[in-house]
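Biologist: Please take me through the packing and strand pairing in this entry, chain by chain.

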Amino acid sequence: MTNNICERLGAGTTAVAALLIAPSLAQAAPNTFNTALPVAQGEFIWREQAVVRERSSGGPRDRDVSVQALVSVLGYGINSRLSVFGAVPYFFNRELDVTTPMGRVNRSTEGFGDATVFARYTAYKHDFTGGTFRIAPVAGITAPTGDDNDGDRFGELPRPLQTGDGAWDGFAGAVTTYQTLQYQVDAQVLYRENGRHNGFAAGDETYFDASLQYRIWPRTFTSGTPGFVYALLESNLVHRNRDDVGNGTDPDSGGTQWLLAPGLQYINRRWIVEGTVQLPVSANPNGDALEDDYIVRVGFRRNF
Amino acid sequence: MLKKLLVLTTGLMFSLSALAANQYTLGVKGVACPYCAFGIEKRLNKVDGVDNVIVDIGDSVVRVTLAESKTLTEDRARTAVEEAGFTLDSFESAEGEQADDQ
């Protein structure tokens with residue numbers, strides 16, 4: 001019974017997807033999504049991002065979902081326009097609290113999640129003194145490397161709570177960047193099609209993201225390459241379709257959500273240290289679908 | 001004594017001239033943050049003979065110093081800058097040779 005109820009957790013797999021898609025991976029860039037700026041030919045970028053995500057739903061089940069994860073990303077510049085990336089999350093905890101006829105139940109798991117590889121190609125660039133404008137298509141796949149049949153004392157965990165969804169997923173989109181010495185604006189549209197495995201498919205997702213990074217320090221330039229501090233304000237609008245379960249759909253999954261993320265970013269020649277808190281502005285969930293309460297992202301990037 | 005002084009002065013002038021000839025200033029378009037600078041440094045440091053690369057981000061210029069007897073051509077500089085994902089705008093050696101793409 002508990003398992004059946006938990007099967008309707010909904011949108012849990014999309015939490016995995018969001019963790020994988022979200023990291024910004026190249027140069028000075030948003031904290032919550034990819035960017036168009038290139039990785040230099042032969043250059044590597046290593047990124048670690050700690051993510052704490054809290055979600056909840058209304059209704060009689062009163063679900064709470066907590067995720068604590070570390071997302072590791074490695075990027076490589078094949079040439080000045082084409083970069084490839086690999087990303088894998090490790091979930092220290094994926095936990096569900098839900099009200100059932102037996103009372104409040106807690107279920108959790110941990111482990112590596114599904115790995116993602118993707119590529120970005122700078123299709124258009126216009127460089128000018130002290131700035132650049134770029135447009136880059138992005139495409140990738142997520143492989144079912146995470147565990148999709150973990151269990152606990154109640155039996156097998158519900159599919160959305162597993163660290164992997166067992167399916168191959170694909171995504172594609174485009175990202176654009178306008179950067180000057182004073183500020184940077186990025187925007188992205190991305191569609192993600194989630195695959196089906198053992199009768200379950202997380203709903204497909206469409207992302208509309210934007211970011212403003214404004215240099216607040218130094219106020220004036222000295223010679224050389226000083227470190228920058230950017231104030232960030234990022235916007236993330238996502239629409240999720242309902243999850244497919246068996247021959248139907250989960251009515252308590254999917255919907256539309258808009259988050260804003262203020263943050264800070266310190267950048268020097270070799271390192272970026274950054275942090276944001278994503279907060280919900282508005283949401284239109286389907287039924288009693290889960291909604292984000294907040295997402296904290298803290299991490300660093302290092303090039304070599 | 002005068003002869004020694006003349007030789008020393010001539011030697012010093014020759015050395016300064018040789019050193020100056022191995023310094024180049026590149027104008028680079030597209031660089032707008034410190035993290036971008038590393039890619040340019042890395043690509044230019046792979047060029048044979050390059051001793052030092054300094055990116056002056058506020059002025060959008062890159063100062064390149066080469067070892068004695070080594071030279072940097074504009075084509076090689078352009079390739080390195082483009083491999084880093086940016087655009088070479090101007091090329092100037094310390095001797096005054098210039099090329100402006102604007």
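Biologist: Which residues of helix H3 (residues 74-83) of chain B are buried?

Modeller: This is a predicted model. A residue counts as buried if 20 or more other C-beta atoms lie within 10 Å of its own. In H3(B), the buried residues are B:Ala77, B:Ala80, B:Val81 and B:Glu83.

Biologist: Why do the buried residues of H3(B) line one face of the helix?

Modeller: An α-helix has 3.6 residues a turn, so residues three or four places apart point the same way. Viewed down the axis of H3(B), the buried residues line one face because they fall within an arc of 165°.

Biologist: What do the buried residues of H3(B) pack against?

Modeller: Just after the helix, B:Gly85 adopts a positive phi of about 100°. Strand S4 (87-93) of chain B is mostly covered, with five of its seven residues buried. The packing partners of the buried residues of H3(B) are S4(B), strand S1 (23-29) and helix H2 (34-45), in chain B.

Biologist: Which residue in S4(B) is the bridge partner of B:Gly27?

Modeller: S1(B) and S4(B) run antiparallel and are joined by six bridges. Within S4(B), B:Gly27 is partnered by B:Ser90.

Biologist: In chain A, which residue in strand S2 (residues 64-77) stands opposite A:Arg53?

Modeller: A:Arg53 belongs to the covered face of strand S1 (residues 44-56) of chain A, as do A:Gln49 and A:Val51, among others. S1(A) and S2(A) run antiparallel, joined by 13 bridges.

Conventions
Residues numbered from 1 in each chain as written. Chains lettered and ligands numbered in written order. Predicted model: local features only at pLDDT ≥ 70, side-chain atom pairs only at ≥ 80, totals over all residues. Buried ≥ 20, exposed ≤ 12 C-beta atoms within 10 Å, placed from the backbone. Helix = DSSP H or I, 4+ residues; strand = E, 2+ residues; numbered from the N terminus. Pairing = 2+ DSSP bridges. Arc of directions from axis to C-beta. Contact = placed C-beta atoms within 7 Å.
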